[in-house]
Amino acid sequence: MGLVGAGFVGPHHVDAVRRLGYVDIVAVAGSNEASGQQKAQTLGAKRGYGNYLALIDDPEVQVVHNATPNYLHYEVTSAALAKGKHVVSDKPLAMTAAESRKLVDEARRAGVVTAVTFNYRGNPLVQHARSAIARGDIGTPYFIHGYYLQDWLLKDTDYSWRLDPERGGASSALGDIGSHWCDLAQHMTDLTITHVLGDTATVIPTRKKPRGSREAFQTERVGQTDDVAITVEDLASVLVRFDNGAKGSFSVGQVCGGHKNDLVIEVCGSNASVAWRQEHQNELWFGHRDRANEILQKDPSLIDADARPYAHLPGGHQEAWADAFSNLMRDIYGCIAAGKPYRPLPPTVATFEDGYRANAIVEAVLASARLGGVWTEVAR
Ligand SMILES: NC(=O)c1ccc[n+]([C@@H]2O[C@H](COP(=O)([O-])OP(=O)(O)OC[C@H]3O[C@@H](n4cnc5c(N)ncnc54)[C@H](O)[C@@H]3O)[C@@H](O)[C@H]2O)c1
């Protein structure tokens with residue numbers, strides 16, 4: 001494994017891969033020589049590089065993990081594919097749907113294993129819910145709703161590259177966390193979002209940007225700042241339609257006090273409902289009309305056989321974000337180790353096509369909002 005971009009999430013890629021036990025952490029590339037060396041040392045990688053091309057050229061690196069800021073996703077992934085390396089890209093796959101489309105084609109030509117880390121798929125109770133829905137336990141899904149709220153951008157002194165369209169893309173909240181919600185809604189139900197109607201807002205239109213760089217979720221006060229105008233949304237509400245005729249709605253916000261990483265998804269079907277909340281991820285709620293509602297605890301002896309491989313501890317022993325992330329790596333590296341070509345991948349693994357789809361949904365929501373909120377078809 002070689003990691004490009006060791007800020008907030010990059011080290012979690014290393015941790016998850018290291019847990020597999022059969023993968024060497026060969027190298028880390030940083031934005032310059034000193035940071036590459038220092039991060040390689042901290043993460044226990046054999047080598048540190050000052051630029052990603054050197055890492056990609058390293059013959060010992062077979063799998064490139066791209067955890068750079070969004071604006072580098074296309075160029076890093078494209079360069080890795082050109083050298084025939086497997087690629088694990090963090091989301092979003094690229095800054096735009098057009099760029100992601102190109103990566104889909106480049107990946108197909110390269111014939112390697114490629115994946116996007118829509119990591120909530122790796123949670124055992126998400127897998128249980130997916131099996132239950134597929135089996136018809138809740139009947140036909142007709143309403144899929146929820147939210148993904150965070151508060152780390154609540155103050156005007158909070159700043160991130162995610163707010164700069166040149167580095168984060170045309171969207172902040174929708175691209176960063178709305179993409180996770182949409183991917184999860186589609187994954188759990190096996191449905192596709194076809195149309196959206198969006199309403200977006202920039203709650204904090206001017207922020208104090210620190211002079212000098214900082215990594216995501218870094219909260220300590222910094223010295224000098226510049227006032228900058230923010231053009232991307234930090235809040236949005238979206239109506240959605242699915243390909244089976246189901247309706248849905250979700251809200252995203254990075255400015256919602258008290259909500260840390262609060263992803264909630266509920267699927268209402270013709271018989272019952274099922275709901276999962278990331279911050280209480282060891283519980284799955286089933287809602288019934290004619291009998292008492294149920295809470296299923298994450299317990300390998302109680303969950304579906306399909307979901308059981310994603311739970312590693314007995315009931316009552318909490319599993320969490322990093323465990324789900326690690327489950328994803330197990331599925332991805334399982335394909336790489338088995339020498340499987342471009343397809344097939346286990347359903348937990350979001351493909352580059354799924355990454356493209358996520359970009360297309362965000363772009364459709366932004367287009368809808370720009371027009372004042374009109375139903376907009378998601379590009380295929
Ligand atoms: N799957 C998830 O749940 C999840 C969570 C967080 C972030 N992410 C995604 O991961 C990516 C990184 O986000 P983050 O929160 O870790 O950001 P971050 O700012 O904390 O980290 C980015 C790192 O990339 C490094 N970097 C910048 N330019 C580089 C270059 N040219 N070569 C090598 N490294 C370079 C930076 O120095 C920094 O260490 C984003 O695309 C984000 O959307 C996904």
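The legends below describe close-up views of a predicted model. Residues are numbered from 1 along each chain as its sequence is written, and side-chain values use heavy atoms, with hydrogens and water left out. Because the model is predicted, local features need pLDDT of at least 70 and side-chain atom pairs count only at pLDDT 80 or more, while totals for chains, interfaces and linings use all residues.

**View 1. Strand β4 and its two partners.** Helices (H or I, at least four residues) and strands (E, at least two) are DSSP runs, numbered from the N terminus. From strand β4 (residues 63–66), Val63 and His65 point one way and Val64 and Asn66 the other way. In a regular strand the side chains alternate between the two faces of the sheet. All of these β4 residues are buried, where buried means under 20% relative accessible area, exposed over 50% and partly exposed in between (1.4 Å probe, protein chains only). Two strands pair if DSSP finds at least two bridges between them. Strand β1 (residues 2–4) pairs with β4 in the parallel sense over 3 bridges, and β4 pairs with strand β5 (residues 86–89) in the parallel sense over 4 bridges. His65 is the bridge partner of Leu3 in β4, and Val88 is the bridge partner of His65 in β5.

**View 2. Helix α4.** Helix α4 (residues 73–82) is largely enclosed by the rest of the structure, because 8 of its 10 residues are buried. The buried residues include His73, Tyr74, Val76 and Leu81. Just after α4, Gly84 takes a positive phi of about 75 degrees.

**View 3. The largest nonpolar core.** A nonpolar core is a set of buried Ala, Val, Leu, Ile, Met, Phe, Trp, Tyr and Cys residues joined through side-chain atoms within 4.5 Å. The largest one has 105 residues, of which Ile332 and Tyr333 touch the most other members. Helix α10 (residues 352–370) gives the most to this core, with 9 residues. Leaving aside neighbours within four places in sequence, Ile332 is in contact (heavy atoms within 4.5 Å) with Val88, Val113, Ala115 and Val349. Another core, of 8 residues, lies apart from it, with Leu153 and Ile230 among them.

**View 4. The lining of the largest cavity.** A cavity is a set of points on a 1 Å grid over the protein atoms alone where a 1.4 Å probe fits but cannot get out; lining residues have an atom within 4 Å of a point. The lining consists of Asn119, Tyr120, Asn123, Trp276, Gln278, Gln281, Trp321 and Ala324.

Methods: On a 1 Å grid over the protein atoms alone, a cavity is a set of points where a 1.4 Å probe fits but cannot get out, and a pocket is an open set with protein on both sides within 12 Å along at least five of seven lines; lining residues have an atom within 4 Å of a point.
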